[in-house]
Amino acid sequence: MISEFLSESLRTTALSAAMRGAGLAVRFLPIPQPTILVGPGASGRLGRTIAGFGHSKILIVTDSIISKLGLLDDLTTALTAGGAEYVVFDAITPDAPIPLIETGIDFYLENDCDAIVAFGGGSSMDASKAIAAAVSNPGKSLRELAGYFKGLNTPVKIYAVPTTAGTGSEVTVAAVISDPESHTKMVIVDTRLVPKMAALDPCLMTGLPPHITAATGIDALTHAIEAFVGHWASPGTDDMALSAVGLIFDNLRVAYSDGKNLEAREKMALAATYAGFAFTRANVGYVHAIAHQFGGKYHTPHGLANAIMLPLVLKYSLPAITDRLALLAVRAKLGRESEAEEVLAQKFLDAVDQLNLDLGIPTFLAALKESDIPQLAEAACREAHTGYPVPRYMSQAVCEDIIRQVLPPAMPAKKPARRGKKTA
Ligand SMILES: [Fe+2]
């Protein structure tokens, strides 16, 4: 194991020592933990709490659907009752692109805000973090803030209300945003970007459509698994990752088929947060590295891209992580500790396949083109090898082969149109 790690480290260090060093710094730096409010009505309780913090004006960052559905009501009513002023920027779109975030920055400055409530899915939360970093570091563009600790000044305070159970952004150090010029994702990493407080309110999640529940839930599962099987896993991250995996196997199918089930929704929200705790310290791996390329190139929803790639990357990684997958299998109640590790690990792989099937996740990426694969694999390997503590090294050729497995099935050739006289 040690020689394998050293061998991998030599390869990856050659690729980007500076970036990896900065990533390692995140591993050992203390990461603040937000105060978490959990349960029905938690968004209102968060509003009542932060209304007393003395902010001059709070910017609520969200999307128009959340705004129209009235999901902000508990929060805004509590803010008003507590005498706090706020404005709403509800223009966030999936994979928020740089120009949109720049509009949010202008909106924040025009309204003299001094704090942000990130209210929504991963895109709203990550956009909020990017706005917070940018308004606190006016001399730097968003592109200049991408990377590790690029902002000198501490970002303004962020409070988070996730409306999906997936990204875990309410407890993480990173903001992922889209660069429409390069068609890539950019990541701003800073331990000071972790929200000060987060509300996990299952009432905000009961209206999520099943396909979003599925994709975001598998995103959380991927966070937990990649954190657990990577080289940076620690006893602390293991506890969180195992708890998340157990909760997800117990509750994701229920949340998917019975979206109004508050207990399943709350447990999925907790699972996503636990997985966030784990991966923001132990990082992710090739599943995310590849999924980010699909997101940048084809705008594939992040959770869906992860869900499609997770089984294949796990199968490739199996020789290096059999023992770890066996532990996950036991926690997911797929077998007993007394069973052989190989048997348990295979049970876990089979269970991930079955979970994807039950949640209607396709086994291929409809948008994927053969001609794009070399570039996608190269970018994925570059991302993984410059920041992720992957358990089994993957060459670009192997990565291409793995991505090739999710090409859409070939369409049957069209029959040539018959020539002849038309009949009425
Ligand atoms: Fe993710």
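## The α8 and α9 pair

In this predicted model, the axes of α8 and helix α9 (residues 235–257) approach within 9 Å and cross at roughly 160°. Here axes are lines fitted to C-alpha atoms, for helices over the stretch in contact, with angles from 0 to 180 degrees between N-to-C directions. The crossing of α8 and α9 is left-handed, that is, the near helix is turned anticlockwise from the far one by less than a right angle.

On the α8 side, the residues that meet α9 include Pro210, Gly217, Leu221 and Phe228; among their partners in α9 are Asp238, Val245, Ile248 and Tyr256. Residues are in contact if their C-beta atoms, placed from the backbone, lie within 7 Å. By class, this contact has 15 nonpolar, 3 polar and 1 charged residues. Ala, Val, Leu, Ile, Met, Phe, Trp, Tyr, Cys and Pro count as nonpolar, Asp, Glu, Lys and Arg as charged, and the others, Gly among them, as polar.

The chain is divided into domain 1 (2–28 + 209–404) and domain 2 (35–204), with bounds from an automatic or database domain assignment. Their C-alpha centres lie 25 Å apart, and the contact takes 31 residues from domain 1 and 29 residues from domain 2.

On the side of domain 1 that touches domain 2, at least two residues each come from α1 (2–28), α8 (210–229), α10 (262–282), α11 (286–298) and α12 (302–331). The largest share, 14 residues, comes from α10. Sorted by class, this side has 14 nonpolar, 13 polar and 4 charged residues.

Now for the strands: 3 of them form an open sheet in the order β5-β8-β7, with mixed pairing. β5 (147–148) and β7 (174–179) are the edge strands, each pairing on one side only. β5 and strand β8 (residues 184–189) pair in the parallel sense over 2 bridges, and strands count as paired if DSSP finds at least two bridges between them. Gly147 stands opposite Ile188 in β8.

Helix α6 (residues 122–136) lies across β7 and β8, running at about 95° to β7. Helices (H or I, at least four residues) and strands (E, at least two) are DSSP runs, numbered from the N terminus.

## Notes on the model

Residues are numbered from 1 along each chain as its sequence is written. As this is a predicted model, local features need pLDDT of at least 70 and side-chain atom pairs count only at pLDDT 80 or more, while totals for chains, interfaces and linings use all residues.

Definitions and conventions: Contact = placed C-beta atoms within 7 Å.
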